[in-house]
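Okay, thanks for having me, everyone.

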Amino acid sequence: MSERYPYFGYPFPSPKEEGEADASRPKEEKKNFEEVFDLSEYAVVTERVRKKFGKYEALRGVSLQVKAGSVFALLGPNGAGKTTLLRILTTLSNPDSGRVYVAGMDAVHVPEEVRRRIGLAGQYAAVDEHLTGRENLELVGRLYHLSRKESRTRAEEILQDFSLNFAENQPLKTYSGGMRRRLDLAVSLIGHPSVLFLDEPTTGLDPKSRHRLWKMIQKLSQAGTTVFLTTQQLDEADALADKIAIMDHGVIIAEGTPRQLKQSLHGDVLELRLKDQSQAEKALTQIRRFASDESRIELHTERMLLPVENGAKTLILVVQELLRAGFEIESVALRQPNLDEVFLALTGEHAESAPPHQSVPKASGWAA
Amino acid sequence: MTYLTDFFWMCSDIFLMTRRNLLHHVRIPQLLVLSLVQPIIFLLLFLFVFGGAVKTPGMSYVNFIVPALFVQTMIFGSIQTGVGVAEDLSRGIMDRFRSLPMTRGAMLAGRAMADLLRNIFVVFLVGIVGYGMGFRFTEGYGNAFGALALTILFGFAFSWIAVSIGLLARNSEAAQAAGVILIFPLFFASSALVPVETMPKYLRWVAEYSPVTTTIDSLRILLSGGYLVPPLVYTIFWLFAIFIIFVPLSVWLYHRLP
């Protein structure tokens with residue numbers, strides 16, 4: 001086992017060890033489950049997980065599998081249930097029903113075994129403001145029950161890796177937002193986790209810090225850590241993940257590799273802006289027929305969006321058509337669909353996170 | 001894993017969390033200074049404002065008020081414990097600790113221990129200033145030590161009430177307000193500042209049996225003489241009840257945070 005995961009040595013129990021660790025768990029329950037899944041191949045397995053808060057159903061039966069060693073992104077707008085699921089996976093809360101296995105261990109029945117094997121970096125940098133960077137790392141290292149010496153050397157290593165050693169003896173109050181978030185990630189790694197959970201790791205970061213964090217996540221993944229992250233941004237999922245699941249209203253509505261998901265959307269989005277944007281509605285009637293899906297045309301005050309297939313060719317045709325009709329084009333661009341458009345395509349509704357905007361009235365009656 | 005190593009790690013976890021919270025006092029000296037100065041100001045105020053007006057049976061007003069201030073230190077300090085817990089909770093750092101393989105409740109115990117150590121320090125300070133104002137313990141070192149032990153136990157018990165309040169309030173302002181509303185009346189409706197004999201019937205009944213009164217009376221007897229058994233029996237009953245209820249309640253709340 002240890003050869004497969006050279007970085008951590010002991011991320012997953014061999015079948016025998018697991019039998020020992022799980023002796024307290026009811027036997028039949030485990031058997032059923034393992035007939036379906038070889039738990040050593042998956043870092044995270046959930047089956048029909050449900051969670052209610054009062055009358056509100058936050059999770060309505062979520063089943064997913066994350067292969068060990070991969071990067072998995074859970075994508076969805078605010079209120080989709082991402083954080084609720086993450087809290088269940090990291091043993092911070094219990095599901096009402098369903099099964100949850102993390103790092104080969106049952107997160108409901110033996111949460112302490114799961115906690116030994118995971119790292120968590122939340123939406124907020126959950127580090128102690130008044131301690132120094134090094135103190136934070138060593139504290140959490142000791143709480144993972146590493147020896148004093150081990151947590152010291154490990155803290156040193158990580159500070160180096162994250163290039164935070166220049167500030168290691170300063171209290172965190174003096175850190176910038178990006179540095180804090182980096183330290184937060186560093187802290188989550190000190191216990192050699194085999195599965196790392198990241199809740200919207202780059203929310204609120206500037207582009208430079210964001211890219212830096214992406215690089216670190218990629219590096220970790222190459223070293224063999226399974227990374228499970230939630231995000232609201234399609235480009236983040238696209239840049240990092242081997243597999244993406246899209247979540248909405250407590251269920252997974254689509255799942256696949258980034259490529260598969262984009263292909264399922266059939267093509268690109270053409271973004272057009274006229275010199276005189278008040279003419280846009282008129283122009284749109286001219287080029288409507290080029291859209292691959294008329295229900296997904298959007299007209300904003302500053303630009304119009306056209307879903308297209310055969311992007312490059314359609315672009316030229318649209319431009320020719322507009323020029324022929326005498327419209328002056330300010331800018332035109334071809335790009336991949338963003339999260340809001342993925343949502344629109346999958347659910348016929350805008351992602352809740354999207355700003356409200358005006359849209360072209362349609363027969364199918366979805367409102368902005 | 002054996003019970004022995006489990007026990008070792010539990011002690012280690014509590015020690016680490018205690019140290020973390022004590023470090024805050026070093027890093028934010030204002031916090032420490034304020035919590036030191038406050039009881040001294042109260043001591044002087046009570047002494048000079050009430051001192052002349054209140055007739056205290058069998059002892060000088062200094063000897064009457066100093067044990068009350070020991071208890072007051074513990075009570076007011078416990079409000080801060082609740083505030084600290086709520087602050088950790090609202091900042092998300094509690095989620096981090098809860099996701100670690102550390103002992104259940106060590107985070108709360110560490111907070112309670114750290115604040116207790118600070119409070120003990122303050123109690124000594126109040127004792128020293130009180131000595132300057134004429135406070136004397138007449139019953140020997142053994143009883144004085146017993147009084148100190150009782151003060152510490154009382155403080156530890158109340159800090160668990162405060163931890164529960166902090167976990168229920170979930171934000172530091174609410175925890176502060178809840179602490180003040182729930183704990184302040186308990187202090188004033190007791191024998192802390194004036195003898196209970198002057199209070200109206202029902203209030204007097206409440207005040208006579210309140211844990212604050214029984215503890216303060218026990219301390220006064222330990223320090224200035226008297227028949228110890230009745231107040232001490234009530235006090236032990238109270239402290240036992242508080243531990244039995246609020247330690248499990250706090251740990252339960254901690255693990256069931258939404």
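Let's start with contacts, meaning C-beta atoms, placed from the backbone, within 7 Å. In chain A, of the contacts with a separation of 6 or more, 67% are between residues 24 or more positions apart.

Quick housekeeping: this is a predicted model, so local features need pLDDT of at least 70 and side-chain atom pairs count only at pLDDT 80 or more, while totals for chains, interfaces and linings use all residues. Residues are numbered from 1 along each chain as its sequence is written, and chains are lettered from A and ligands numbered from 1 in the order written.

Chain A has 13 helices and 14 strands; those are DSSP runs, H or I of at least four residues for helices, E of at least two for strands, numbered from the N terminus.

Now look at the open four-stranded sheet in chain A, ordered S2-S1-S4-S5 with antiparallel pairing; pairing takes at least two DSSP bridges. Strands S2 (56-67) and S5 (105-106) of chain A are at the edges with a single partner strand each, so one side of each has no neighbour in the sheet. Five bridges link S1 (residues 42-53) and S4 (residues 97-102) of chain A, and A:Thr46 sits opposite A:Val100 in S4(A).

And which residues does A:Val102 touch, leaving out those up to four places away in sequence? Among them are A:Val44, A:Leu89 and A:Ile118.

Methods
Contact = placed C-beta atoms within 7 Å.
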